[in-house]
Protein chains: 2
Amino acid sequence: MKNKYIIGIDLGGTNLKIALFDSRLSFKQKKFFSTAEFSQPQSLIEGIVRAVFEIIKENKLKKSDILGVGVGLPGPVDVSRGVAHFFPNIPGWIDVPVEKILRKKTGLEVFVDNDANLMCLAEFKLGSAKGAKNAVCLTLGTGVGGGLIIDSKLYRGSSYAAGEIGHMPINLKGRPCNCGGTACLESYIGNRRIACLVKKVFKKDIPLDELSRMAARNNPKAVRIWEDVGEKLGVALVSVVNLLNPDRIVIGGGVANAGRILFSRIEEVIITRAMVVQAAKVKVFKAKLGNDAGMLGGALLVKENSKGS
Amino acid sequence: MKNKYIIGIDLGGTNLKIALFDSRLSFKQKKFFSTAEFSQPQSLIEGIVRAVFEIIKENKLKKSDILGVGVGLPGPVDVSRGVAHFFPNIPGWIDVPVEKILRKKTGLEVFVDNDANLMCLAEFKLGSAKGAKNAVCLTLGTGVGGGLIIDSKLYRGSSYAAGEIGHMPINLKGRPCNCGGTACLESYIGNRRIACLVKKVFKKDIPLDELSRMAARNNPKAVRIWEDVGEKLGVALVSVVNLLNPDRIVIGGGVANAGRILFSRIEEVIITRAMVVQAAKVKVFKAKLGNDAGMLGGALLVKENSKGS
């Protein structure tokens, strides 16, 4: 049983990523598909099933060689029933029993969870949160996702929806957020919001990776934008630090590539505004596993839950 | 061993409360002292020791009848070493090894923890958070304290300083807080701040219990003040609800006596601004144990930790 392969899947608003891992979680193959190809939940599910069968076939494996399939989904998931409540960035999914459907269609053991939880699990087991007792993981992208490690294990909350750092309000009043809330962190530092700010400041579109390079070359306007993002993220993290007193904060996702300027500002805000005992304890790191975190997290979910493991 | 008595102590900025409990945690005696009597840490410690000996003597007990002494302290406590880092509202305490000193001076087993943690422990074992899986407890007074129950046990964080809901910023900018932070919840809804607001609105001092009665009689200005407190507390709780996805919120302390007007506003803000899955799961209750929570929590701490229990 120990030498079985595992399939990890990371479903995002843009890409469907799938990987085959050996029993030691080394990548054997990775495949990416565009999520936009699939307009309906049903066709997206068929796409996942097809990708699973393809990766098994291309590696000359049989179904019985696969321990299980772990899937990260971009929205709140009822882990106990394997049901996806909805996806903020993919329309048409309402209370879909993804786990049950995929088990039936693939004939394999399938486990699902929220993508930010799986990123957090991967960073905790294999990345920048390794060895932490209480950790907070964030992914900064179109959405601002988060996951929590409490007492050295993934904490999911009373209805499996914990970790939504992106939807902590950082002001009493402010703009409406996609989640239905107001003044949420995500409504200030989500990708799209930063892009708007860039357009306003530079009078043209600039990709965020270019904005990071400009900041690294000390372009004052670019520096100012990243400092502003760091300030807002920092204030939300002051709340998290004072509330949870974690020893580690791990930040990943495209926006985290802004690098030193962003991280310095975040650390400065925590030191200045968080309480002394809590601020002294916490360390902030960049995520280590990058785009692989979701797929690795899916594979780890299978390892933790499969009856065959 | 089972029929031993327990002493629970709640040290606050105003009162030192001490109680003798039987082994089933029924109160046998309560005594209150004014904290202001003791100007120095040393005299306050002597006061605690004297109170412990008095309560033993007055009940015709021997030291060997006492299982232990549990003490709630009004500031961050390193529970592993029994050291109080500092007390925001009592000057002169810096890294005092309270547990060790009290053990030596009383010859009894002593355990110390933060007072809000002990209130939370008491509400979880005996009060409004009983049966919760993940709960958030608040005490609203001069300070805004908090404690967390995670996976059915008290969560203390990586340096025993978790639960500081009062020091979550609810605005990016705002007034400085006693803790060194900015725009913390406590700086908006602490007792003193509400008293300032009352004076501004009514042009005179009105005690908060009278303000609650005025609101209950539909005095529009009094209603407005409590709604405003509820709004601000609600926004901080939206952060907590989206982050931790708890099933229970318990609110105690003097300010909680404002009653329905305050609680309705808090619930309204959570329903309006928190995420759907999280908001649907959480219930808000008034604390049940009132002023007894701290002493009961101290006794529970002894029960959980004493070698003799």
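Predicted model: local features only at pLDDT ≥ 70, side-chain atom pairs only at ≥ 80, totals over all residues.
We begin with the meeting of chain A and chain B. The contact draws on 47 residues from chain A and 47 residues from chain B. The size of an interface is often given as the accessible area lost when the parts come together. Here, the area buried between chain A and chain B is about 4,000 Å², with carbon and sulfur atoms giving 59% of that.

What else links the two chains? Between chain A and chain B, the count is two salt bridges. B:Lys153 forms a salt bridge with A:Asp151, where the closest N and O atoms are 4.0 Å apart. Polar contacts also cross this interface, and the rule finds 34 residue pairs of that kind between chain A and chain B, with both residues at pLDDT 80 or more.

Which parts of chain A build its side of the interface? Strand 9 (144-150), strand 10 (153-155), helix 7 (220-244), helix 8 (260-273) and helix 9 (276-281) of chain A each supply at least two residues. Helix 7 of chain A gives the most, with eight residues.

Now for some empty space. Rolling a probe the size of a water molecule over the atoms shows where empty space is left. The second largest pocket holds about 1,300 Å³ of space. Its lining has 49 residues, and the closest to its centre are B:Asp115, B:Thr139, B:Gly141, B:Thr142 and B:Gly143. Several elements of chain B each supply at least two residues of this lining, among them strand 1 (5-11), strand 8 (135-140) and helix 5 (191-202). Helix 3 of chain B gives the largest share of the lining, four residues. By type, the lining of the second largest pocket divides into 18 nonpolar, 23 polar and eight charged residues.

Our last stop is a salt bridge inside chain A. Over all chains, the count comes to 36 salt bridges. One of them joins the side chains of A:Glu304 and A:Lys125, at 3.6 Å from N to O. A:Glu304 lies in helix 10 (residues 293-305) of chain A and A:Lys125 in helix 3 (residues 115-126) of chain A, so this pair ties together parts that are 179 residues apart in sequence.

Notes. Residues numbered from 1 in each chain as written. Chains lettered and ligands numbered in written order. Heavy atoms only, no water. Contact = heavy atoms within 4.5 Å. Buried area = accessible area lost by both parts, 1.4 Å probe. Polar contact = N/O pair within 3.5 Å; in protein donor to acceptor, adjacent residues only side chain to side chain. 1 Å grid on protein atoms, 1.4 Å probe; cavity = no way out; pocket = protein on both sides within 12 Å on 5 of 7 lines; lining within 4 Å. Points joined across faces, edges and corners; volume = space filled by probe spheres on them. Nonpolar A, V, L, I, M, F, W, Y, C, P; charged D, E, K, R; others polar.
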